[in-house]
Amino acid sequence: MTGTTRFSPEELQAARDRLVPDVVTGGLSVLLCGINPGLMTAATGHHFARPGNRFWPVLHLSGLTPRQLAPAEQSELLAYGLGITNVVARATARADELTAEEYREGGRILTEKVRRLAPRWLAVVGVTAYRTAFGDKKAAVGPQERTIEGPHGTTRLWALPNPSGLNAHWTAQTMAEEFARLREAAGLPDRRLA
């Protein structure tokens with residue numbers, strides 16, 4: 001998406017319930033997992049496309065990418081061992097439009113996807129989404145005890161803060177510190193230094 005792309009309210013509403021393709025391949029270092037696509041993401045087909053979402057700046061600040069990527073450059077993540085999926089595939093205006101059952105079903109589908117793709121880490125971007133999807137009410141931001149076993153190995157799980165602009169008690173810098181902890185645990189270099 002370029003900075004000049006604008007969508008009318010009607011165009012955004014028409015994107016409701018659209019599916020947005022994952023950015024994935026087998027054997028990723030980290031599969032980043034959003035809650036569900038927002039309407040801007042569904043309208044553009046690019047993950048975390050809403051202006052004000054801090055996902056792309058935080059990826060760079062954490063050293064996961066060498067520069068701040070635009071949502072339209074999402075496929076470049078694969079070269080860094082990163083991918084993107086969602087807990088729930090259905091696009092909505094707000095995450096609170098999703099039901100607990102959608103989260104639980106999303107957790108089941110996500111587990112099967114992870115078994116098939118075998119990333120070393122699955123990082124759910126939103127601790128509340130993680131708690132509901134995996135039935136772990138006490139989960140906190142950081143590495144989790146739970147793992148996902150698959151035919152190609154074990155995937156460890158991490159809960160990250162939600163980069164939505166609505167999550168105001170996390171600054172871009174404090175989020176970047178948590179993303180950097182994941183980067184270090186995954187054994188990935190600080191790409192800002194490359």
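Here are a few questions and answers about this predicted model. Residues count from 1 along each chain as its sequence is written, and side-chain values use heavy atoms, with hydrogens and water left out. Since the model is predicted, local features need pLDDT of at least 70 and side-chain atom pairs count only at pLDDT 80 or more, while totals for chains, interfaces and linings use all residues.

Visitor: Is Arg183 buried or exposed?

Guide: Arg183 sits in helix α6, residues 172-185; helices are DSSP runs (H or I, at least four residues) and strands likewise (E, at least two), numbered from the N terminus. Buried means under 20% relative accessible area, exposed over 50%, partly exposed in between (1.4 Å probe, protein chains only). Arg183 has a relative accessible area of 7%, so it counts as buried.

Visitor: Which residues is Arg183 in contact with, leaving aside neighbours within four places in sequence?

Guide: Contact here means heavy atoms within 4.5 Å. With those sequence neighbours set aside, the list for Arg183 reads Ser62, Gly63, Leu64, Leu188, Pro189 and Asp190.

Visitor: How many residues does the largest nonpolar core have?

Guide: A nonpolar core is a set of buried Ala, Val, Leu, Ile, Met, Phe, Trp, Tyr and Cys residues joined through side-chain atoms within 4.5 Å. Elements giving two or more residues to this one include β1 (30-34), α3 (55-61) and α6. Val30 and Phe179 are among those with the most contacts inside it, and the core's count is 26 residues.

Visitor: What is the relative accessible area of Gln74?

Guide: Gln74 is in the loop between α3 and β2. Its contacts beyond four places in sequence include His46, His47 and Trp56. Gln74 is buried, and the value is 10%.
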